[in-house]
Every structure is written in structure tokens, then in C-alpha cells.
Amino acid sequence: MHTDLSHYKEILIKGVWRENPVAYQVLGICSALAVTVKMSTALVMSIALTLVAAFSGLIISSLRNWIPSNIRIIVELTVIASLVIITDQILKAFLYDISKQLSIFVGLIITNCIILGRAEAFAMANNPADSFVDGIANGLGYSMILVAVAFLRELLGSGQFFGFSVIPQFLYDMGFQDMGIMVLAPGAFFIIGLLVWLKNSLPGVSHEKK
Amino acid sequence: MGDLLSLFVNSVFIGNILLAYFLGICSFIAVSKTIETATGLGFAVIFVLTVTSPVNWLIYHGLLAPGALSWAGFPEMDLSFLKFITFIAVIAAIVQAVEMVIDRYSPLLYASLGVFLPLIAVNCAILGTSLFMVERNHTFVESVVFGAGSGTGWMLAIVSMAAIRKKVRYADVPAGLDGFGFIMIIAGLMAMTFMMFSGITL
């Protein structure tokens, strides 16, 4: 039994940084980009995804010895979909405005490759506690990229941070303008591309060739 | 008729499910290495979307929507929260059925499309289209047109991406940008060109 803290720390670091879902495993950006126009939506989406990843890891791992291997994908999808329904209902009850803005993208957590990928690769082969930590780690890794993209898009696109204007007025007086392209779809593609470039250029990160 | 045409053009270009809503990017990146496979997957997506979108419309409006069960004596029933799990099950079942039918009756078509069909079941573009169809209150006919239009737009994007990747294969890209980052920047430029269609009204 691995009960020491360093073991969990290892799983966390692996998920958050070394094998970061978006940049390294090239997974899960499907739903990541459409909600990154503003920090508030990106943050709520990140929390929702991290919780779904953690609990799906916990539940699937607890069930792993009873799931017949030829129907395992369906069982995994059912567990994930049920968790997403609960998340969606909670958001509708307590954060109605944000759930309206997230529109269909909470539902799309079901087909998010990170969740199903971790269920397949990790939760089916490891104990529940490890899988829970692994879900949190991968969720946090995803959140990091999502929030970074949202920060840049909201700052450059509308000069705001969580809805508050942060670009000082004298910059606008000097001729600075918000970059309209950043709040549109292409801005998200450019920022992701540049972030991946930045991450690949940092030391200690191996990067894949095309 | 004009409305339907405009909905189709809108879902192919301006509201392109891939370049404007970021749906189906996983397979967009993985399968755009050659034009042949991109075309194959594109046709498979068009087909599956045109079938799943109306089927999910029937299920949603016949069983799940608020008040839809009044024929069975439950006028107060609102099962719309079940739409996620229902849609994903319907999509997986349809994809499986389509795969078996194609395998039985057209081995040739199966050889070219078969490998992509399992991949499509978890493609977020498929689930996303069904969810958009509910959210935008499309009618039954609109749901068919919307499904076909979204599929066509997705295919147009992936085939163009495969063609561009073929052209830039020997381009001298900076080391860290090579691969995924470069593809995202190309996708950004493509998204900009697709946005230019937004001035068109029919």
C-alpha cells in the first residue's frame, strides 16, 4: 500500500505539469476554448471538470474489479455522464447566470478526452485513492491552461480581469486599443499555439514532434 | 426554404462547429495528416450528424422535454436533465448500428469509413450538435439541416487543414512550435477566413 504523501505528490506533479493534458497529451481542448472569453466562465468550467475527473476516477476505480472489460467504455461513460448531470444541476441551481453562459459546454465534459482517457488509462488499473488524486491532478493541469488562456483573452480582448477594467485610462488616451480578435474564436487558437510554444521551450519538458 | 438555406450556410461557415465553437478538435488534429483519411472521416461525420441530430430531436421532444410525456398521463414531468446521458447513449448506439449495417451491405464503404466510426461516438462535435439543436429550439426539419450543415462545415475544415498540412510539411518551423502549436496557429488563421463569410446574408 502506498500511503505516504510523496507518492500522491508524484501523481500530482505528473498530472499538473510533466504530462499536462492540453499541451502534452493533446487532449481535452475541445471544450476548453469556447469558455475562455472571460475568467469567470473559465474558472467555473475548470472547477466543474476537476471535480468530475476526480470523482469519476474514484467511482470507476472502486468498480474496476466488477466491470466486464468488453463493456467498460459504456460503464465509464455512464458514470461520467451521471456526474456531469449532477454538476449541471448544481450549476443551474446556484450559479444560473454562469451556467447560461457555459451553455452546452458543461454537457460536453462527457466527451472530454481527459476524463475518459484517465478513466481508461489510470482508474482501471489503480486503487481509488490514487485515481482520485490523479483526477484532481489532471483537472488542475487542464485548469491551468484554461485559466491562462482566459486571462490573456479577457485582458487583451476587453481590458478586463474578472469583469473589472484593469488597463489604465491613460494607455487608451495614448492610443492603446483592445484587440477585438482576442474575444473571437481565432484569438483562442493563436493563444493556445503560442502557449504550447512557450511550454515546449521551457527546460525540462520533452515535446512531441509532428 | 430560404430560412433553411440560410441555416445551412450559417452552420457551414459562420457558425462552423469546429472553427467557431471548437468542437471535435481532438480528431481534427489526429486525423488531418493525410487528405484521404480526412475526407473519409469527414463523410462519416456528415452521415452520423445528419442521422443523430433528428433522432435526438424526436427523443427529446417525444420523451424528455417538459410536458412531453403528457400523452402517457404525466403532463408535469420534466426529464430534460436526462438529455446528456440519453444523447450519448443514442449516439453510441446509432454509430454501432451504422457500423454493422455498412459492414454487412457495403464492404467497400466499410473499408474506407469503418475505422473512423468508433472514433466518432465520443467526438464532441456530435454530442455538441445535438445539444445546440435543443438549446436553439430548432424544429424537426431544421434539426436535419443543422446536422447536415454542421457536418459539412466540419468536413470542409478538416480537409482544408489536411491540404494545408501537406503544403507546409517541409516548412522551417521554430523547434518548440513544430507540431501541435503550429497546427493551432494555422487553425486560427482558418477561423479568421471563415469569419469573413459573416457579412453574407441570404
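The contact takes 44 residues from chain A and 41 from chain B, where contact means heavy atoms within 4.5 Å. This is a predicted model, in which local features need pLDDT of at least 70, side-chain atom pairs count only at pLDDT 80 or more, and totals for chains, interfaces and linings use all residues. Residues are numbered from 1 along each chain as its sequence is written, chains are lettered from A and ligands numbered from 1 in the order in which they are written, and side-chain values use heavy atoms, without hydrogens or water.

Now the interface. About 3600 Å² is buried between chain A and chain B, and carbon and sulfur atoms give 80% of that area. Buried area here is the accessible area (1.4 Å probe) that two parts lose on being put together, summed over both. Between the two chains there are zero salt bridges, meaning a side-chain nitrogen of Lys or Arg within 4 Å of a carboxyl oxygen of Asp or Glu.

On the side of chain A that touches chain B, α3 (72-94), α5 (113-123) and α9 (185-201) each supply at least two residues. Helices are DSSP runs of H or I, at least four residues, numbered from the N terminus. α9(A) gives the most, twelve residues.

Next, two residues in chain B. B:Phe22 is not a glycine, yet has a positive phi of about 60 degrees. B:Phe22 sits in the loop between α1 (2-14) and α2 (25-30) of chain B.

B:Asn137 also is not a glycine, and its phi is positive, near 55 degrees. Its place is the loop between α7 (124-135) and α8 (140-167) of chain B.
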